[in-house]
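Here's a quick briefing to read alongside the model. Have a look at the structure first, then work through the notes below.

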Amino acid sequence: QVQLVESGGGLVQAGGSLRLSCAASRSIFSPNAMGWYRQAPGKQREVVATVTNSGYTNYADSVKGRFTISRDYAKNTVYLQMNSLKPEDTAVYYCNAKIIGGSFRGDDYWGQGTRVTVSS
């Protein structure tokens, strides 16, 4: 099992910045992807950004140019730098780690979520 522990959420004014962190309890079998998803009240969970162990990144159109995902492979940690925040970014943000190939393909882990609130 892999535990994911998120931190960095909070309340910020529109236009401000936050940095989310997610630390995995151990290294994850490769190939894998780590990323961030979010769920706003009354809405389905959606992908925000992902990064594979080879460094390939993917972003939701709504955050391109404002958010940056990165990984520290030595620390088994993924970050999400969020700039130019908008009220519509308000949601609970969840960290995810997924094995995308090999014998353990499909293994999927989630953090407990961290709340981000952007005031107008």
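V92 stands opposite R115 in strand 11. This is a predicted model, where local features need pLDDT of at least 70 and side-chain atom pairs count only at pLDDT 80 or more, while totals for chains, interfaces and linings use all residues. Residues are numbered from 1 along each chain as its sequence is written, and side-chain values use heavy atoms, with hydrogens and water left out.

**Strand 11 and its partners**
- Strand 11 covers residues 114-119; strands here are DSSP runs of E, at least two residues, numbered from the N terminus.
- Strand 9 (residues 91-99) runs antiparallel to strand 11, with 3 bridges joining them; two strands pair if DSSP finds at least two bridges between them.
- T114, V116 and V118 make up the covered face of strand 11, while R115, T117 and S119 sit on the uncovered one.

- R38 belongs to strand 4, which spans residues 32-39.
- R38 is buried, at 6% relative accessible area (buried means under 20%, exposed over 50%, partly exposed in between, with a 1.4 Å probe and protein chains only).
- Which side chains make polar contacts with the side chain of R38? D89 does, at 2.9 Å, and Y93 does too, at 2.9 Å.
- A polar contact is a pair of N or O atoms within 3.5 Å; within protein, one must be able to donate a hydrogen and the other to accept it, and residues adjacent in sequence count only if both atoms are side-chain atoms.
- Leaving aside neighbours within four places in sequence, R38 is in contact (heavy atoms within 4.5 Å) with residues including Q44, F67, A91 and V92.

Note on methods:
Helix = DSSP H or I, 4+ residues; strand = E, 2+ residues; numbered from the N terminus.
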